[in-house]
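User: I am new to this structure and would like to learn how to read its features. Please guide me through them one at a time.

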Amino acid sequence: MRLLAFETATEACSVAVLVDDAVIERFEIAPRRHAELALPWAGELLAQAGVAKSQLDAIAVGRGPGAFTGVRLAVALAQGIALALDRPVVGVSTLAALAARADGDRVLAAIDARMGEVYLGAFVRVDGGLQALGTETVVRPDQADLPDDDGWQGVGTGFDAAEGALRTRLAGALASVDGTALPHAADVARLGARAFARGEAIAPERLQPAYLRDDVALTLVQQQAQRAARA
């Protein structure tokens, strides 16, 4: 299995190449530099792995949720490369990739969605992989659903957003929290390889980003109006 993976949905930019069970990755917190870095890194990693583009089996991509421009960039890169190579793509939830960073069998992954909200998803480990529980949501931290039990691992910037409101809201359910963790392309690659093995790869033109917000391009006036309504 040879797979190229992109994850640019947050302030972190990362690219990874998976060859069988081995993964190499470039990762950097680089706001507004994703478009500049992603493709050169891909070329460098493929050369380091000794893999030609024509030898790739698929392209994996973190499809969001996350920053609109970052999600759009990753999806466009994956589609463009896959179309040029006539290869399928595997869309991986950015929240699932983030959850893969945590220890434990039950993980709550959260990304700061700005505008007083977080992207939130719950996952359990099954047979070495991750299975989503319910649907991923964008929600105000103080309105997040409370898990029925405790012992969850919290991971992601959503737990430190809004002065730790989500951490406070879910405190009784959390065994630990890493509020600085960001998603990595290495985890997108591993999850993508599992999805590929399950037959979940799709044609590039069918890949859809996961924005979660109905309006992903709110104007400055709309954003100000939302903040004023929540004050």
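This is a predicted model: local features need pLDDT of at least 70, side-chain atom pairs count only at pLDDT 80 or more; totals for chains, interfaces and linings use all residues.

User: How many residues does helix 1 have, and what does it reach from its first C-alpha to its last?

Analyst: The reach of a helix is read against the value expected at 1.5 Å a residue. Helix 1 spans residues 34–49, which is 16 residues, and reaches 22 Å, close to the expected 22 Å.

User: Which residues of helix 1 are buried, and what do they pack against?

Analyst: The buried residues are His 34, Leu 37, Ala 38, Trp 41, Ala 42, Leu 45 and Leu 46. They pack against strand 1 (2–7), strand 2 (12–19), strand 3 (22–29) and helix 2 (68–85).

User: How do the axes of helix 1 and helix 2 cross?

Analyst: The two axes come within 11 Å and cross at roughly 30°, and the crossing is right-handed. Helix 1 contributes His 34, Ala 35, Ala 38 and Leu 39 to the contact, while helix 2 contributes Leu 73, Leu 77 and Ile 81. These residues divide into six nonpolar, one polar and no charged.

User: How many aromatic pairs does a search of the whole structure find?

Analyst: The search finds one.

User: Why does Phe 68 count as partly exposed?

Analyst: Partly exposed lies between the cut-offs of under 20% for buried and over 50% for exposed. Phe 68 counts as partly exposed because its relative accessibility is 25%.

Definitions and conventions:
Residues are numbered from 1 along each chain as its sequence is written. Side-chain values use heavy atoms; hydrogens and water are left out. Helices (H or I, at least four residues) and strands (E, at least two) are DSSP runs, numbered from the N terminus. The expected span of a helix is 1.5 Å times one less than its number of residues. Buried means under 20% relative accessible area, exposed over 50%, partly exposed in between (1.4 Å probe, protein chains only). Contact means heavy atoms within 4.5 Å. Rings of Phe, Tyr and Trp (its six-membered ring) pair if their centres lie within 6.5 Å; planes under 30 degrees apart count as stacked, over 60 as edge-to-face and the rest as tilted. Axes are lines fitted to C-alpha atoms, for helices over the stretch in contact, and angles run from 0 to 180 degrees between N-to-C directions. A crossing is left-handed if the near helix is turned anticlockwise from the far one by less than a right angle, and right-handed if clockwise. Ala, Val, Leu, Ile, Met, Phe, Trp, Tyr, Cys and Pro count as nonpolar, Asp, Glu, Lys and Arg as charged, and the others, Gly among them, as polar.
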